Amino acid sequence: MSVAELDVDALQAEALLTSKPEHILMTYWKRLRRHRLATASLIILGVIIAFVIIGPMVMSRMTYYNVSRGEFVPYTRDTQDLAARNAAPSAEHPLGTDELGRDVLYRLMVAGQLSLVIAFSVTIIAETFGMFMGAVSGYFGSWVDSLIQRIVEFIIILPSLPLLLVLSSILRDLRISFLPPEWSQAFVIVAILAVLGWTGACRLARASVLSLRNQEFTEAARALGMGDLQIIVRHMMPNAIPPIIVNATLGLGSVILVESALSFLGFGIQQPVATWGNMLQDVQKDMFTAPWKALYPGLMIFITVLAVNYLGDGLRDALDPRLKL
């Protein structure tokens, strides 16, 4: 081997030794980008979130040209106008009006805020609590594991929809002193759905921790004097995050559908506070005279749930080291 070849090999070896390994999040992101439907869904979700957060602020400052008055006037937004109820889409009301003359576009944006806040709150609370309980169950085993798993099985066999309807009916008039009425209703919905929705995350976390609790890094953490709670929080739970993230994205769509169903049936958020579900509540009688009242909230629910599910599929592939994209 010549001297030049030895120098090239030495430079390549030095480059391998001095180069920094790629961060795991960047690896996940590159895998996710190869999943086209997941990438498109992520963009769509970003647009929807911007639409419901920024849209009302922008619309409140916009004007339109009123032909009859010959001047630019502000949008009427969420005010009632019985003379303009069930109006077709126009310059003043781009998506028409509802049965009380309120602008459908503005209510669609405001309704999306509450619907998405409920969905994200339920998902974060349920997945975090479920991951912790699953980590505790898998780490300690013995009677602790048996007790937690019996509780999980009991919650799973409960008839969810009838129980949701009963609890929502009993608690929907509950008022929390430091919250507005609409947020008190939302708090009740979030609490009920979170209490019934943590079992899937618990089982996933338990399965991950069962395979980790006797490995070398766990023994090393014990030897360094770390307590059981520290090991669970700092080592067990982070290793269970990838499947939990996938479960959360898939569960988010289910929460949106359940909240919409409760509001549609009259057991969720009550009028005049708008959610995508209760915007569909009174449209049956106007399906042929004002179909836009059902089309737009239903379309928002459909697109959001579909995007969340495709994103969950992409995250499942990106976070699974056994799958090569």
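# Structural briefing: a predicted helical model

From the N terminus on, the elements of the protein run α-α-α-β-β-α-α-α-α-α-α-α-α-α. They amount to twelve helices and two strands, where helices (H or I, at least four residues) and strands (E, at least two) are DSSP runs numbered from the N terminus. The model is predicted: local features need pLDDT of at least 70, side-chain atom pairs count only at pLDDT 80 or more, and totals for chains, interfaces and linings use all residues. Residues are numbered from 1 along each chain as its sequence is written, and side-chain values use heavy atoms, with hydrogens and water left out. Of the 325 residues in the protein, 40% are buried; buried means under 20% relative accessible area, exposed over 50%, and partly exposed in between (1.4 Å probe, protein chains only).

- The expected span is 1.5 Å times one less than the number of residues in the helix.
- Because 26 of its 37 residues are buried, α4 is largely enclosed by the rest of the structure.
- Glycine 141 follows α4 and has a positive phi, near 60 degrees.
- Helix α8 (residues 199-210) has twelve residues and reaches 17 Å from its first C-alpha to its last, close to the 16 Å expected.
- The buried residues in α8 include Thr199, Ala201, Cys202, Ala205, Ser208 and Val209.

**Salt bridges**

- Side chains of opposite charge can pair when their charged atoms come close.
- The count comes to two salt bridges, each defined as a side-chain nitrogen of Lys or Arg within 4 Å of a carboxyl oxygen of Asp or Glu.
- One of them joins aspartate 145 and arginine 206, with the closest N and O atoms 2.7 Å apart. This pair links distant parts of the chain, since aspartate 145 lies in helix α5 (residues 142-157) and arginine 206 in helix α8, 61 residues apart.
- Aspartate 145 is buried, at a relative accessible area of 13%, whereas arginine 206 is partly exposed, at 24%.
- Glutamate 153 and arginine 150 meet in a salt bridge at 2.9 Å, N to O. Both residues lie in helix α5, three residues apart, about one turn of the helix.
- Glutamate 153 counts as partly exposed at 32% relative accessibility, and arginine 150 counts as partly exposed at 42%.

**Nonpolar surface patch**

- Ile49, Ile53, Ile54, Met57, Val58, Phe120 and Ile124 form a nonpolar patch on the surface, with about 600 Å² of accessible area together.
- The largest share of the patch, five residues, comes from α3.
- Patches are made of residues with over 30% relative accessible area and no salt bridge; like charges are joined within 9 Å, and nonpolar side chains (Val, Leu, Ile, Met, Phe, Trp, Tyr) within 5 Å. Accessible areas come from the Shrake-Rupley method with a 1.4 Å probe, and for residues only the protein chains shown count as cover.
- Phenylalanine 120 is found in helix α4 and is partly exposed, with a relative accessible area of 35%.

- Twelve residues line the largest cavity, and Asp98, Glu99, Arg107, Met279 and Lys293 lie nearest its centre.
- On a 1 Å grid over the protein atoms alone, a cavity is a set of points where a 1.4 Å probe fits but cannot get out, and lining residues have an atom within 4 Å of a point.

**Selected C-alpha separations**

- Glycine 55 lies in helix α3 and is buried, with a relative accessible area of 14%. The C-alpha atoms of glycine 55 and methionine 109 are separated by 6.5 Å, although the two are 54 residues apart along the chain.
- Histidine 93, in the loop between β2 (71-74) and α4, is buried at a relative accessible area of 4%. Its C-alpha atom is separated by 9.0 Å from that of tyrosine 106, 13 residues apart along the chain.
- Arginine 316 is found in helix α12 (residues 292-319) and is partly exposed, with a relative accessible area of 43%. The C-alpha atoms of arginine 316 and proline 243, 73 residues apart along the chain, are separated by 7.3 Å.

Note on methods. 1 Å grid on protein atoms, 1.4 Å probe; cavity = no way out; pocket = protein on both sides within 12 Å on 5 of 7 lines; lining within 4 Å.
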